[in-house]
Amino acid sequence: MDDSVVYSKGGAKPSVTIKFTTGDGTVKTLTEKTDYTLAYSKNTAVNDCSNPKKLPTVKITLKGSYSGSISKNYSITPKNIETVSLSVNDKTYQNKKNIL
């Protein structure tokens with residue numbers, strides 16, 4: 001899981017990969033919604049982990065043939081807006097007294 005993700009509207013969510021090692025050493029990658037579910041909290045604002053009470057958290061809950069759960073904290077970094085372009089169409093404004 002990524003320890004830090006970039007802010008995104010609607011909630012920043014790190015990529016999560018769950019792997020299970022069987023008794024014979026075989027590694028199986030589990031499937032979200034089939035083998036586990038993810039629940040996010042406090043993930044809608046930038047957070048540099050300076051306030052432990054507001055840390056973004058993902059709770060991973062195993063299901064089906066697997067059992068258990070774990071919660072992991074992560075940080076949310078600001079989105080870089082240097083590459084954002086903005087265009088505005090010209091607009092004519094006229095007040096009621098025609099005074100500008």
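Q: How many nonpolar, polar and charged residues does the lining of the largest pocket have?
A: This is a predicted model, in which local features need pLDDT of at least 70, side-chain atom pairs count only at pLDDT 80 or more, and totals for chains, interfaces and linings use all residues. Residues are numbered from 1 along each chain as its sequence is written, and side-chain values use heavy atoms, with hydrogens and water left out. A pocket is an open set of points on a 1 Å grid over the protein atoms alone, where a 1.4 Å probe fits, with protein on both sides within 12 Å along at least five of seven lines, and its lining residues have an atom within 4 Å of a point. With Ala, Val, Leu, Ile, Met, Phe, Trp, Tyr, Cys and Pro taken as nonpolar, Asp, Glu, Lys and Arg as charged, and the others, Gly among them, as polar, the lining of the largest pocket has 6 nonpolar, 3 polar and 1 charged residues.

Q: Which element gives the most to the lining of the largest pocket?
A: The lining includes I60, L62, S69, I70 and K72. Strands are DSSP runs (E, at least two residues), numbered from the N terminus, and those that give two or more residues to this lining are β5 (57–62) and β6 (69–73). The one that gives the most, with 3 residues, is β6.

Q: Which residue in β6 stands opposite V58?
A: Two strands pair if DSSP finds at least two bridges between them, and β5 and β6 pair in the antiparallel sense over 5 bridges. On β4 (residues 36–41), Y40 stands opposite V58 in β5. In β6, the residue opposite V58 is K72.

Methods
Helix = DSSP H or I, 4+ residues; strand = E, 2+ residues; numbered from the N terminus.
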